[in-house]
Amino acid sequence: MVLFLYGSIVNLSIVTTILADGSSPYQSLSTIPVELTTTVGHQQSFVEGEEIQFLLSLGDDAYIYMYHVDAEGKINPILPSVQQRSHFYKKGFFLTIPNYENLFRFIVSKPFGDATIHVFASDQSLLDINIDSTSISEIREDIISRSTAAFGEDKFSFTSRPATAGQPR
């Protein structure tokens, strides 16, 4: 029998798996405080062609893993990625992602609908995470299981829609 215990601290939660014998397959991890928003605050609706820039706040230095789950459920890596391989960030308030120095932009396009940005913070650099044929919850569990001292997370949900004639972008 496996039980799942959930604990929340400022927009993040950590799942601890406890086996029937009371042991845990994961070591005890401290929490990395993580907060994700955009340059326009908690706006939750964006129009085709609009640029989104994320602001990330970290309570501790961490390696960041950021994924966009689009309206069709496809997982797209934001960090690390081909455009931005560096994914270690120092603690601080509102670090900009994507970093303009890397000439990468996050522009709203098809498919339109409900989408989510997931951000995970770990004390470990894990460059071999497989996002093909897996779910965001499996990616999350992989990062948790391979973190040795700390883990944190947050998510930002939004809706995207096509631009209409005469509508400002």
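Strands (E, at least two residues) and helices (H or I, at least four) are DSSP runs, numbered from the N terminus. The model is predicted, so local features need pLDDT of at least 70 and side-chain atom pairs count only at pLDDT 80 or more, whereas totals for chains, interfaces and linings use all residues. Residues are numbered from 1 along each chain as its sequence is written, and side-chain values use heavy atoms, with hydrogens and water left out.

**Exercise 1.** Determine where His87 lies and which side chains form polar contacts with His87.

*Solution.* 
Step 1. His87 belongs to the loop between β9 and β10.
Step 2. Its relative accessible area is 5%. His87 is therefore buried, given that buried means under 20%, exposed over 50% and partly exposed in between (1.4 Å probe, protein chains only).
Step 3. A polar contact is a pair of N or O atoms within 3.5 Å; within protein, one must be able to donate a hydrogen and the other to accept it, and residues adjacent in sequence count only if both atoms are side-chain atoms. The His87 side chain has such a contact with the side chain of Tyr65 at 3.4 Å and another with that of Ser125 at 3.5 Å.

**Exercise 2.** Describe the largest nonpolar core and the contacts of Ile64.

*Solution.* 
Step 1. A nonpolar core is a set of buried Ala, Val, Leu, Ile, Met, Phe, Trp, Tyr and Cys residues joined through side-chain atoms within 4.5 Å. The largest has 25 residues, and Leu58, Ile64, Met66 and Ile117 have the most contacts inside it.
Step 2. Two or more residues each come from β4 (34-38), β7 (54-58), β8 (62-69), β9, β13 and β14 (150-161); β13 gives the most, with 4 residues.
Step 3. Contact means heavy atoms within 4.5 Å. Not counting residues up to four places away in sequence, Ile64 touches residues including Leu56, Leu79, Pro80, His87 and Val119.
Step 4. A second, separate core of 13 residues includes Tyr65, Ile75, Ile136 and Ile143.
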